[in-house]
Structure formats: structure tokens, C-alpha cells
Amino acid sequence: MREYDVEVMNLQTATKLEAVEGGFRVTMASGAALTAASVVLSTGARWRKMGVPGEQDYLNKGVAFCPHCDGPLFKGKRIAVIGGGNSGVEAAIDLAGLVAHVTLIEFDKQLRADDVLQRKLRSLKNVTILTHAKTTEVKGDGTRVTGLAYEDRTSGEIREIALEGIFVQIGLMPNTDWLKGTIDLSPRGEIVVDAHGATSMPGVFAAGDCTTTPYKQIVIAMGEGAKASLAAFDHLIRVSAPEEKAA
Ligand SMILES: Cc1cc2nc3c(=O)[nH]c(=O)nc-3n(C[C@H](O)[C@H](O)[C@H](O)COP(=O)(O)OP(=O)(O)OC[C@H]3O[C@@H](n4cnc5c(N)ncnc54)[C@H](O)[C@@H]3O)c2cc1C
């Protein structure tokens with residue numbers, strides 16, 4: 001990107017997007033504003049954390065979020081997946097093919113994933129499912145994860161599991177709070193895009209983890225970014241066409 005004439009403004013947070021005469025205005029937290037004929041939104045998403053002691057200390061030292069990305073690092077090891085929704089159960093199924101053992105921990109009394117996923121999960125020999133359980137601490141030896149503690153919510157007992165990895169699957173939150181009420185967002189807060197990356201605001205496009213496009217991976221985000229840029233170009237040549245002259 002640096003080889004091209006692209007201006008990069010670091011340390012700026014966009015807080016408002018609005019349609020104005022001839023295009024759009026993006027206002028920053030600093031109060032500065034930019035106007036543009038078209039906009040591509042690509043603000044990404046952040047993984048929801050458990051917020052328990054040890055989690056932050058062992059990020060990337062055993063605590064992970066992306067099963068496709070970091071799964072191979074745990075080949076042959078024991079891991080836990082936190083969260084029994086579709087993402088957690090899909091992650092557990094995926095990881096069970098790689099690791100020695102998976103413990104899936106769900107806060108609720110039952111898993112919330114689709115039945116078909118639950119059936120698949122229960123058919124796997126190296127998976128233990130713990131429901132009505134609340135992770136209370138990530139344990140480590142100072143350099144890496146060695147286990148976790150959880151509360152059995154039925155008995156109130158605190159128990160420990162020895163393991164090498166913990167995949168937290170309790171939600172991926174798109175960075176789109178600032179766009180609420182401006183463009184259409186899905187119930188999860190993702191920017192709704194069509195096959196061209198177009199949003200509900202004509203002339204505004206979006207790409208990557210902040211959108212409804214499935215599979216949050218680098219190669220997908222890059223492809224979607226290229227697509228949204230092409231769509232923005234198509235939009236620009238149309239809005240810059242001269243008015244038809246009266247006969
Ligand atoms: C720990 C971890 C490991 C991963 N490993 C892999 C991997 O091995 N392979 C893989 O394919 N994927 C991996 N991923 C996923 C990958 O990082 C994402 O799919 C990809 O980065 C998405 O690109 P994006 O441009 O949509 O969003 P991001 O890369 O998240 O970029 C969004 C940018 O927008 C900025 N931003 C957010 N809000 C605002 C705002 N209001 N104003 C201005 N700027 C804003 C953010 O600061 C950020 O710089 C991993 C993710 C994590 C968290």
C-alpha cells in the first residue's frame with residue numbers, strides 16, 4: 001500500500017458517518033472530519049473475553065480465539081473450548097481432529113448449538129462436555145497455560161482441569177457501534193453487505209470482519225476489500241458522469 005499514493009492517518013477513530021452534498025462526511029473522535037465521494041468501511045471485530053484472572057496474562061501463551069488460525073499449535077495437546085453455541089461447538093469439532101482431548105465448557109444447562117452440531121460433537125470419542133459450568137480462572141506456570149478452574153454451577157464446587165490450551169468462543173463483536181442507526185446492521189451488529197460489498201447507504205461499501213460475510217480470515221477480508229474497492233470505483237464513475245443535456 002505504501003508504494004501507492006495512499007494517505008494513512010493513524011491514531012484516528014471514526015465516530016460518525018453521514019451523507020452530505022456530493023458524498024459523505026466521516027467525523028473523527030478528535031473532531032476532525034473528512035469528506036469523500038465514497039467510503040469503504042473495514043473496522044474489523046474483536047473477540048469477547050471471559051474476563052477471568054489469568055486470561056489476559058496468557059493471551060497467545062495458551063489462550064486463543066481463532067480455531068482455524070491457532071488450532072495447529074495445539075496438535076496432540078489437551079485443550080478446552082469455552083462456549084457451547086454454534087461457534088464453540090464447531091470449534092470443538094474442528095479441534096478434536098487435531099488435539100488429544102477437548103473439554104467443551106458451557107455456562108448454561110444445555111448447549112445452544114444446532115442439534116446437528118451437537119450430535120456430531122457427542123459422537124467424538126475425545127470430547128468431554130461440561131454444562132452449567134463457569135470458567136473462573138486461567139492457570140499457568142508464568143510462561144504458558146497449564147489448566148483452568150471452573151465452578152460446577154449445580155454443586156457450587158470449584159474444579160480444575162489440566163490442559164495446554166483454551167479457545168474462547170463466546171462471541172466476536174464487530175466494531176460497528178458508531179454506525180448504529182446509520183446503516184443496516186445484522187442482529188449481531190455486523191454491517192449488512194450484498195454480493196458487491198454494498199451497504200444500505202448507496203455509495204458506502206464494507207469489507208472484512210465487520211460485515212455479514214462469513215469466515216473471519218485474512219484472505220477473505222483481503223478479497224472482500226478488493227471487491228468493495230472495485231464496487232466503490234463503479235459507483236464513482238456513475239456519480240461523476242455529466243448530466244444529460246436537454247435537447
Ligand atoms: C489472535 C488472532 C489471530 C489470528 N490469526 C489469523 C490467522 O492465522 N489467519 C487468518 O487468516 N486470520 C487470522 N485472524 C483473523 C484475522 O486477523 C482477521 O480476519 C482479519 O484481520 C480481518 O481484517 P479486517 O481488515 O476486516 O479487520 P482488522 O484486521 O481487525 O482491522 C480493522 C482495523 O480497523 C480499526 N478500527 C476499528 N474501529 C475503527 C474506527 N471506528 N475508526 C478507525 N479505525 C477503526 C482497527 O483498529 C483495526 O486496525 C486472527 C485474529 C486474531 C484476533
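**View 1. Strands S7 and S13 sit side by side in a parallel pair.** Here strand S7 (residues 78–82) and strand S13 (residues 165–168) are joined by four bridges; two strands count as paired if DSSP finds at least two bridges between them. Look for Ala80, whose bridge partner in S13 is Ile166. Helices (H or I, at least four residues) and strands (E, at least two) are DSSP runs, numbered from the N terminus. Keep in mind that this is a predicted model, where local features need pLDDT of at least 70 and side-chain atom pairs count only at pLDDT 80 or more, while totals for chains, interfaces and linings use all residues. Residues are numbered from 1 along each chain as its sequence is written.

**View 2. Zoom out and you get an open sheet of five strands.** The order is S6-S13-S7-S8-S9, with parallel pairing. At the edges are strand S6 (63–64) and strand S9 (127–130), each pairing on one side only. Helix H2 (residues 86–96) packs on this sheet and touches S7, strand S8 (101–105), S9 and S13; a contact means C-beta atoms, placed from the backbone, within 7 Å. The direction of H2 makes about 165 degrees with that of S7, using lines fitted to C-alpha atoms (for helices over the stretch in contact) and angles from 0 to 180 degrees between N-to-C directions.

**View 3. Now for S8 and S9, another parallel pair.**

**View 4. S1 and S2 make a hairpin.** Strand S1 (residues 14–20) and strand S2 (residues 23–28) run antiparallel, joined by six bridges. Ala14 stands opposite Met28 in S2. Two residues lie between the strands, and Gly22 in the turn has a positive phi of about 80 degrees.

Methods. Two residues are in contact if their C-beta atoms, placed from the backbone, lie within 7 Å.
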